[in-house]
Amino acid sequence: MEIDWSALRDAARDAMKRAYCPYSGFPVGAAGLAADGRIVTGCNVENAAYGVALCAECGLVSALHGPGRPAENPRLLAVVVVDGHGTTLMPCGRCRQLLWEHGGASMLLETTKGILPMSDVLPDAFGPDDLIERA
C-alpha cells in the first residue's frame, strides 16, 4: 500500500486543532494509516490531574480499534505526529511503545530525522512476542 504522507500530515494537523490542552497550551495531533486503508486520528486531551492526560497517539490507537474497524486485529502501517505549528513531533517513550504494539517493527513513523521504521525508533523493543517467547 502506498503511503500518502502529505494526507497523513494534513489529517494530523486537523486532529491537532481539536486538542484539549488548557494546562500546557501544547496541542498535538496524530494520524495513522491502518492496514485496511483507513486514516485514524487522535489529539491530546489533558486533565486537571496531570498524570491522567491522554497523548494524541492514545487517541489514534483508540480510533484504530473503535467503530468501523475490521473484525481482525487492525494494524498501523504509518504514523505522523505534529505539534501546534503543524511541525513533525517525535512521540514520547510511552507512545513509542504504544505504536510498537499496534504497528510493529516495520511500522513507519515520520520523525524529525525523516521516515523511519519503528525498529530504528525503538530498538530492542519489548512487545507481544516477548510475552510468548519468554513465558
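Predicted model: local features only at pLDDT ≥ 70, side-chain atom pairs only at ≥ 80, totals over all residues.
A nonpolar core is a set of buried Ala, Val, Leu, Ile, Met, Phe, Trp, Tyr and Cys residues that are joined through side-chain atoms within 4.5 Å, where buried means under 20% relative accessible area, exposed means over 50% and partly exposed covers what lies in between, with a 1.4 Å probe and protein chains only. Residues are numbered from 1 along each chain as its sequence is written, and side-chain values use heavy atoms, with hydrogens and water left out.

**Exercise 1. Describe the secondary structure and the overall dimensions of the protein chain.**

Solution. Begin with the elements: helices (H or I, at least four residues) and strands (E, at least two) are DSSP runs numbered from the N terminus, and the protein chain has five helices and five strands. Their order along the sequence is α-β-β-α-β-α-β-β-α-α. Next, turn to the dimensions, where the C-alpha trace spans about 45 × 35 × 35 Å along its principal axes. The radius of gyration, taken over C-alpha atoms, can be compared with the globule rule of 2.2 Å times the number of residues to the power 0.38. For 135 residues a compact globule would have a radius near 14 Å, and the protein chain agrees because its own value is 14 Å. Finally, 42% of the 135 residues are buried.

**Exercise 2. Find which residues have the most contacts inside the largest nonpolar core, and which elements supply this core.**

Solution. The largest nonpolar core has 19 residues, and those with the most contacts inside it are Leu-60, Leu-76, Val-79, Leu-99, Met-107, Leu-109 and Met-118. At least two residues of this core come from each of β1, α2, β3 (76-82), α3 (93-103) and α4 (118-121). With four residues, α2 gives the most to this core. A second, separate core has eleven residues, including Trp-5, Ala-78, Val-80 and Val-82.

In α2, the residues Ala-56, Glu-57, Cys-58, Leu-60, Val-61 and Leu-64 are buried, and the cover over the buried residues of α2 includes β1, β2, β3 and α3. In α3, the residues Cys-95, Leu-99, Trp-100, His-102 and Gly-103 are buried, and the buried residues of α3 pack against α2, β3, β4 and α4. Just after α3, Gly-104 takes a positive phi of about 80°.

With neighbours within four places in sequence left aside, Met-118 is in contact with Arg-96, Leu-99, Trp-100, Gly-104, Ala-105, Met-107, Leu-109 and Pro-123.

**Exercise 3. Describe the surroundings of Thr-111, including the polar atoms of its side chain.**

Solution. Thr-111 is placed in strand β4 (residues 108-111), and because its relative accessible area is 6%, Thr-111 is buried. A polar atom of the Thr-111 side chain lies 3.0 Å from the backbone nitrogen of Lys-113, and a polar atom of this side chain lies 2.7 Å from the backbone oxygen of Gly-114. With neighbours within four places in sequence left aside, Thr-111 is in contact with Thr-88, Met-90, Leu-116 and Val-121.

**Exercise 4. Find the aromatic pair in the structure and classify it.**

Solution. A search of the whole structure finds one aromatic pair. Rings of Phe, Tyr and Trp (its six-membered ring) pair if their centres lie within 6.5 Å, and planes under 30 degrees apart count as stacked, over 60 as edge-to-face and the rest as tilted. The ring centres of Tyr-23 and Tyr-50 are 5.8 Å apart and the planes stand at 65°, so this pair is edge-to-face. The pair links distant parts of the chain, 27 residues apart, with Tyr-23 in the loop between α1 (5-16) and β1 (29-34) and Tyr-50 in the loop between β2 (39-43) and α2 (56-64). Tyr-23 counts as partly exposed because its relative accessibility is 41%, whereas Tyr-50 is exposed, with a relative accessible area of 61%.

**Exercise 5. Is Asp-124 buried or exposed?**

Solution. Asp-124 is found in the loop between α4 and α5 (128-133). Its relative accessible area is 82%, so Asp-124 is exposed. Although Asp-124 is not a glycine, its phi is positive, at about 60°.

Key
Polar contact = N/O pair within 3.5 Å; in protein donor to acceptor, adjacent residues only side chain to side chain. Contact = heavy atoms within 4.5 Å.
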